[in-house]
Amino acid sequence: MKLAVTRTGLDVPEPLRTRLEQDDVVARLVRKDATLWGPDAESEAAVRLGWLDLPATSRSLLASLAELRAELVAEGLDRIVLCGMGGSSLAPEVICRTAGVPLVVLDTTDPGQLLSAMTELERTVVVVSSKSGGTVETESQRRAFVAAFARAGLDERQIGARFVVVTDPGSPLADTASAMGARAVFLADPTVGGRYSALSAFGLVPSALAGADVAALVDDAEQLAERLAEPGNAAMELGAALGAAFHAGRDKLALADAGETPVEGFGDWAEQLIAESTGKEGRGILPVVLESPEAPGSSGPDVLLGLVGAGPSGAGPAVGVTGPLGAQFLGWEYATAVAGRVLGINPFDQPNVTESKENTQAILAAGLPDEQPEATIGAVEIRGTAAVLRGVDLSSHDGLSLTLDALLAAVPPRGYLAVMAYLDRLRDARAAEVRTALAQRTEQAVTFGWGPRFLHSTGQYHKGGPQVGVFLQITGALDEDVPVPDQQYTFGTLQAAQAAGDRKALADRDRPLLHLHLTDRAAGIDQLLTALHC
Ligand SMILES: O=P(O)(O)OC[C@H]1O[C@](O)(CO)[C@@H](O)[C@@H]1O
């Protein structure tokens, strides 16, 4: 099956089509012309287009991956835990979900979620994936697993044999991998950025070790790669549609898995690709991951519905993309690069991501801020900016409902509300229902992200995109905490510092923000959902 793109209710205007043709974008992109995104982006683009070659170059990984998987299974090591953030874990999660094979993805600093991953150690192999090799979440998780294996009685050599590392050549993680005697190290192509790395070792290594058929993925991508030089190819059509929608004022892309598609959870991967690539210089396309094509938020004056796995069935505006997963990855990457050109931004940098990271480090050094709640209602402590809380009667018996009403009222027309939950996405999964409940009550887009994962995805858009966002941050009390080995802080402190660091980054931009801290997570989520449904 080939990649196919269909549209309803959205035209690609002739001038845009002509411009893309006259500028020879199709031919220039496949020959990796770094000038496509303007002079400011040129030096970065020159070292960021390696993803176009991956369908051919990644083939060389397949034999060694099959061998390594067989070796691990023979030793009874059949549980794969992947430590990695953003582009280093989102693709393997979709690949494994789609293939129906188990992969434990650890992309969090939540101590509870970490502890649930640190089980069944006797059958566990940990894949540590980080391009830069310097991502604090990933390095902290690696240390925690080393300590857990040691507690389980493994010696140094045995511990090393439980780790597989994926990183860029020369990164600090490459050095650590050899120092710890990691069982295998895969050095990835440094000319591929994190969110474009689905078909590289970052996507393939953990997925193959978990049992997914990654050869099929590469085959499917290669079939599309062969057509990418053709004018009007499907990926070009998708990029043109995203660009046309943006210029028509439809700068929210509501993404849903659709139809009989075997692709599962694609929206979470595409969300990072689109948000981090386009959300900068005060513009961008905001991906809104929907629970289903009919979920609230699938239509609106600023929305384009994007269906993965089926053509659009209604009047639109919508775009449907069908085809196998390998082709979907490559097609959306290509389309995002094209959309970047249409929007006039550099789709390969993430200039605002470091800000929250730096705030986090400063907070870890100085200590967590002491911010007293404005009110505590049941299991929910309420804090927030004046733009949300001014005039809200927090002493009222329905103070939480009134607060949420005020939050919704603060979202401007064509703006958005971002829910950011620094919780355990397994145990506190019901928190995601807050998105649907809020989206039912507003015309504006409502997104949901698990912290700190979203910091490596929509976090770029929040800070670098149009400043029309309103934010709901949810944090929760800890049942247990876990020290980060050889650091002065625990995972719980790191998680709290990440949340506080991001609050600071948003406050520095005067964005309206409501911070709800759940003193009892389950009770607090219940309370929130009740307040939203009444
Ligand atoms: O693979 P790394 O270097 O750990 O980075 C993880 C993620 O962090 C970012 O660099 C920035 O948030 C993403 O672009 C990337 O996918």
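**Entry 1**

I began with A235, which, apart from neighbours within four places in sequence, is in contact with L3, L224, L228, G331, Y334 and A335; two residues are in contact if their C-beta atoms, placed from the backbone, lie within 7 Å. Before going on I noted that this is a predicted model, in which local features need pLDDT of at least 70 and side-chain atom pairs count only at pLDDT 80 or more, while totals for chains, interfaces and linings use all residues. I also noted that residues are numbered from 1 along each chain as its sequence is written.

A235 sits in helix 13 (residues 234-247); helices (H or I, at least four residues) and strands (E, at least two) are DSSP runs, numbered from the N terminus. Is A235 buried or exposed? I found that A235 is buried, with 28 other C-beta atoms within 10 Å; a residue counts as buried if 20 or more other C-beta atoms lie within 10 Å of its own, as exposed if 12 or fewer do, and as partly exposed in between, with C-beta atoms placed from the backbone. I also looked up W332, which is 97 residues from A235 in sequence, yet the two are 6.7 Å apart in space, C-alpha to C-alpha.

For helix 13 as a whole, I found that 13 of its 14 residues are buried, so it is largely enclosed by the rest of the structure. From first C-alpha to last, helix 13 reaches 20 Å, close to the 20 Å expected at 1.5 Å a residue; the expected span is 1.5 Å times one less than the number of residues. After helix 13 comes G249, with a positive phi near 85°.

**Entry 1: helix 5**

Which residues of helix 5 are buried? They are L65, R69 and L72. Seen down the axis of helix 5, these buried residues fall within an arc of 65°, so they line one face of the helix; the arc is that of the directions from the helix axis to the C-beta atoms. The face turned away from the buried side carries the exposed residues A63, E67, A70, E71 and A74. The cover over the buried residues of helix 5 includes strand 4 (124-130), helix 11 (201-210) and helix 12 (214-225). Just after helix 5, I noted that G76 has a positive phi of about 80°.

**Entry 2: helix 22**

In helix 22 (residues 521-533), I listed R521, G524, I525, L528 and A531 as the buried residues. They cover an arc of only 130° around the axis, which puts them on the same side of helix 22. What covers them includes strand 12 (380-384), helix 18 (399-409), helix 19 (433-439), strand 15 (469-476) and strand 16 (513-518).

Most residues other than glycine have a negative phi, and most peptide bonds are trans. R414 lies in the loop between helix 18 and strand 13 (416-422), and it is partly exposed, with 16 other C-beta atoms within 10 Å. D510 has a positive phi near 60°, and its place is the loop between helix 21 (491-507) and strand 16; D510 is exposed, with 10 other C-beta atoms within 10 Å.

Which residues are joined by a cis peptide bond in the loop that holds P317? The bond joins G316 and P317, with omega about 0°, and P317 lies between strand 9 (303-308) and strand 10 (318-322). The peptide bond from G451 to P452 is also cis, with omega near 0°, and P452 is in the loop between strand 14 (445-450) and helix 20 (458-464).

**Entry 3: the ligand and the whole chain**

Of the 15 residues around the ligand, G86, G87, S132, T135 and G194 come nearest; a residue is near a molecule or strand if its C-beta atom, placed from the backbone, lies within 6 Å of it.

Lastly, I recorded that the protein chain has 22 helices and 16 strands, and that buried residues make up 58% of its 534 residues. Among contacts between residues at least 6 apart in sequence, 76% join residues at least 24 apart. The C-alpha trace spans about 65 × 65 × 45 Å along its principal axes.
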